[in-house]
Amino acid sequence: KDPYQFRRDLLSKHPRHRAVLDFLAEKSQWGKPLSSGRFRGMALHESFKSIIGQVAEVSVGEEGGLRVHKVVCAVDCGMVTNPDTIEAQMQGGIVFGLSAALHGEITFKGGRVAQSNFDDYEVLRMDEMPLVEVHIVPSKEFPGGVGEPGVPPIAPAVANAIFAATGKRIRRLPIGLA
């Protein structure tokens, strides 16, 4: 079943979540064909009284290499005071979440953490950063959080896009395809 329609059907008793999902589908042009070799996945999340939906557009190379090309984010964080702050927080959450999803492995050697700083703990680099669109859902709800809520949906959105591309479910982070 189409991932958007599947979620929409499950949210029949949750109008605010459904509104975010519908807004996300519209802004991400869900259902519109993508370029050859590109696939989409979506995820919806609620925390700190905010609802966030994300669609990730990815490609998977023949050798298993993954590229996240675009992320579309829809956020209902209640009444908005400063939309620029919301956009910046969602972008920051997405880059933080992608870093964890793609590279965030901590290893141990001799009973100690092997990574000590950014020279040996890989984070998302500028050339890996996808285009990010943030869309704020008009809302009259009380204000919610915009710091952490942008992080959780990116890994499942990417994993669902990988499933759309390969038929393979991702069950561990960081995501490794090879």
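Guide: Let us begin with a term. Two strands pair if DSSP finds at least two bridges between them. In this predicted model, strand E3 (residues 66–76) and strand E6 (residues 131–136) meet that criterion, with six bridges in the parallel sense. Within this pairing, Val-72 stands opposite Glu-133 of E6.

Visitor: In which sense do E2 and E3 pair, parallel or antiparallel?

Guide: Strand E2 (residues 50–60) and E3 pair in the antiparallel sense, over 10 bridges.

Visitor: How many residues lie between the strands in the hairpin of E1 and E2?

Guide: That hairpin has two residues between its strands. E1 covers residues 39–47, and E1 and E2 pair in the antiparallel sense over nine bridges.

Visitor: What general idea applies to side chains along a strand?

Guide: In a regular strand the side chains alternate between the two faces of the sheet. For a single residue, one then consults the accessibility and the contacts. Consider Glu-57, which is found in strand E2. Glu-57 is buried, because its relative accessible area is 12% and buried means under 20%. Residues up to four places away in sequence aside, Glu-57 touches Leu-34, Arg-38, Phe-39, Arg-40, Arg-67, Val-68, His-69 and Lys-70.

Visitor: Is Ala-165 buried, exposed or partly exposed?

Guide: Ala-165 counts as partly exposed, because its relative accessibility is 26% and that class lies between the cut-offs of 20% and 50%. Ala-165 is found in helix H4, which covers residues 154–166. Beyond its neighbours within four places in sequence, Ala-165 is in contact with Phe-39 and Val-60.

Visitor: How far apart in space are Ala-165 and Gly-37?

Guide: Sequence separation and spatial separation should be read side by side. Ala-165 and Gly-37 are 128 residues apart in sequence, while their C-alpha atoms are 7.9 Å apart in space. For another pair, Asp-119 and Asp-9, 110 residues apart along the chain, the C-alpha atoms are separated by 46 Å. Asp-119 is placed in the loop between strand E5 (112–113) and E6, and it counts as exposed because its relative accessibility is 68%. Over the chain, among contacts between residues at least 6 apart in sequence, 62% join residues at least 24 apart.

Visitor: Where is a cis peptide bond found?

Guide: The angle to read is omega. A cis peptide bond joins Leu-173 and Pro-174, with omega about -5 degrees. Pro-174 belongs to the segment after helix H4.

Visitor: In what order do the elements run from the N terminus?

Guide: The order is α-α-β-β-β-α-β-β-β-α, and the chain has four helices and six strands.

Visitor: Why is the radius of gyration said to agree with a compact globule?

Guide: One compares the value with a rule based on chain length. A compact globule of 178 residues would have a radius of gyration near 16 Å, and the chain has 17 Å, which agrees. Along its principal axes, the C-alpha trace spans about 55 × 35 × 30 Å.

Visitor: What can be said of burial, surface and charge over the chain?

Guide: Of the 178 residues, 38% count as buried. The accessible surface comes to about 10,200 Å², of which 53% belongs to carbon and sulfur atoms. As for charge, there are 21 positive and 20 negative side chains, and the centres of the two sets lie 6 Å apart.

Notes
Residues are numbered from 1 along each chain as its sequence is written. This is a predicted model: local features need pLDDT of at least 70, side-chain atom pairs count only at pLDDT 80 or more; totals for chains, interfaces and linings use all residues. Side-chain values use heavy atoms; hydrogens and water are left out. The radius of gyration is taken over C-alpha atoms; the globule rule is 2.2 Å times the number of residues to the power 0.38. Buried means under 20% relative accessible area, exposed over 50%, partly exposed in between (1.4 Å probe, protein chains only). Contact means heavy atoms within 4.5 Å. Accessible areas come from the Shrake-Rupley method with a 1.4 Å probe; for residues, only the protein chains shown count as cover. Lys and Arg count as positive and Asp and Glu as negative; His and the chain ends are not counted. The place of a charge is taken as NZ of Lys, CZ of Arg, CG of Asp or CD of Glu.
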